[in-house]
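Subject: Structure handover

Hello,

Here is the structure we spoke about. Please keep it open while you read the notes under it.

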Amino acid sequence: MKSKILVTGGLGFIGSHTVVALIEQGYEVVIIDNLSNSSINVLGGITKITQVTPEFENIDLRNKEEVLGFFEKHTNIAGVIHFAASKAVGESVENPLLYYENNLATLIYLLQRLSEKEDANFIFSSSCTVYGQADTLPISESAPVKKAESPYGNTKQIGEEIIKDTCKVHPNLKAISLRYFNPIGAHPSAEIGELPIGTPQNLVPFITQTAIGKREQLSVFGNDYPTNDGTCIRDYIHVMDLARAHVVALKRLMNNEAESNYDVFNLGTGKGNSVLEVIQSFERTTGKKLSYKIAERREGDITAAYADTIKANSVLGWRSEKDLDEALESAWKWEKKVTDSEKN
Ligand code: UD1
């Protein structure tokens with residue numbers, strides 16, 4: 001019998017790609033999503049790619065009763081990958097309680113149910129934002145967690161702490177936090193991808209929307225940083241590589257391969273690219289000229305962050321395989337598909 005995996009936020013950007021990876025690895029998937037930052041059409045995209053339509057429950061995880069009801073109905077959940085959360089830094093500053101409720105109350109309700117189980121396996125979406133501007137690069141998992149710059153960042157730090165403390169007293173609960181660097185790209189079929197609501201805050205969707213004509217011009221936030229070309233450096237990781245890592249991490253827990261019942265891993269490529277390098281790569285791979293200007297620094301941006309991937313490589317046996325060009329090519333293919341479907 002197939003193991004059944006709950007993916008919360010399974011219609012979102014990283015969630016949907018992970019659902020595909022799970023189905024392709026022979027798992028049965030049930031998705032919980034409240035459609036607050038996703039579309040039900042994503043289910044169709046998943047079906048097109050995998051020929052399987054996963055079970056879907058439109059549940060808001062802030063509703064404790066509904067979470068309870070879900071676990072009463074689905075008694076055979078072998079693992080949970082928890083993506084459902086809000087992720088806009090600016091919005092979190094304006095509405096901190098929404099973020100603490102969305103990202104932490106939901107986590108607590110899930111852990112309450114899982115800690116009661118005989119055997120529970122839990123993967124948490126964390127972020128490299130927990131490191132802030134790290135003192136040394138590349139950033140390893142042993143780098144100190146810095147004071148969060150925003151309520152969003154705080155929810156990731158506190159979330160990790162909540163899981164760690166819970167695992168300490170519940171040995172039946174095994175968990176891994178995955179600290180993502182900058183996820184970009186889309187499934188090569190362009191059936192699923194990133195769907196930002198309104199003006200994209202992240203670099204790559206802003207680039208593709210500018211190239212297709214939805215935005216006039218990209219603003220490069222600052223070119224006076226102490227980097228090779230003055231623009232900020234990030235570790236851009238293909239969402240397909242990221243999705244695969246979730247399956248690897250979950251298998252490690254389910255097969256009882258982990259020495260400790262709580263651990264954290266960085267998920268990145270290990271390579272840093274500047275904003276200007278991303279633009280060049282985009283222009284080279286797509287043949288599109290991008291309109292951009294140098295603008296003021298964005299508040300809260302750090303100069304450089306890229307992952308030390310040794311732990312993920314050696315312990316999980318996972319490494320990223322796709323490069324920046326391939327990621328940007330897939331993001332562009334996706335943007336064209338989305339724009340075409342909006343016209344029809
Ligand atoms: C951002 C969040 C981070 C979060 C992550 C989730 C901020 C300050 N940080 O990371 O907490 O975990 O998204 O996806 O919001 N850039 C431009 N012009 C743009 C957009 C971005 O020059 O229009 C630059 C930024 O200055 C940065 C790089 O592109 O150097 C990447 O930016 P972005 O995609 O927003 O990611 P982060 O800031 O790394």
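This is a predicted model: local features need pLDDT of at least 70, side-chain atom pairs count only at pLDDT 80 or more; totals for chains, interfaces and linings use all residues.

Residues are numbered from 1 along each chain as its sequence is written, and side-chain values use heavy atoms, with hydrogens and water left out.

Ligand site

The ligand is surrounded by 18 residues, where a residue counts as near if one of its heavy atoms lies within 4 Å. Leu203, Ser219, Arg234, Arg298 and Asp301 are the closest. By class, the shell holds 9 nonpolar, 6 polar and 3 charged residues; here Ala, Val, Leu, Ile, Met, Phe, Trp, Tyr, Cys and Pro count as nonpolar, Asp, Glu, Lys and Arg as charged, and the others, Gly among them, as polar. Strand S8 (residues 218-221) gives the most to this shell, with 4 residues. Strands (E, at least two residues) and helices (H or I, at least four) are DSSP runs, numbered from the N terminus.

Ser219 places a backbone N or O atom 2.7 Å from a nitrogen atom of the ligand. For Arg298, a polar side-chain atom is 2.8 Å from a ligand oxygen atom, and for Ser127 a side-chain N or O atom is 3.2 Å from an oxygen atom of the ligand. On its own the ligand has 740 Å² of accessible area, and the protein covers 86% of it (Shrake-Rupley method, 1.4 Å probe).

Sheet and helices

An open sheet of 7 strands runs in the order S3-S2-S1-S4-S5-S6-S11, with parallel pairing; two strands pair if DSSP finds at least two bridges between them. Its edge strands are S3 (55-57) and S11 (262-267), each pairing on one side only. Strands S5 (residues 120-127) and S6 (residues 173-180) run parallel and are joined by 8 bridges. Phe122 has Ala175 in S6 as its bridge partner. Helix H5 (residues 96-115) packs on the sheet, touching S1, S4, S5 and S6, with contact meaning heavy atoms within 4.5 Å. Helix H8 (residues 239-254) also packs on the sheet, where it touches S1, S4, S5, S6 and S11.

Backbone details

Most residues other than glycine have a negative phi, and most peptide bonds are trans. The peptide bond from Leu137 to Pro138 is cis, with omega near -10°. Pro138 lies in the loop between S5 and helix H6 (151-169). Ala190, which is not a glycine, has a positive phi of about 60°. Ala190 sits in the loop between strand S7 (182-184) and helix H7 (203-212).

Regards

Conventions
A polar contact is a pair of N or O atoms within 3.5 Å; within protein, one must be able to donate a hydrogen and the other to accept it, and residues adjacent in sequence count only if both atoms are side-chain atoms. Axes are lines fitted to C-alpha atoms, for helices over the stretch in contact, and angles run from 0 to 180 degrees between N-to-C directions.
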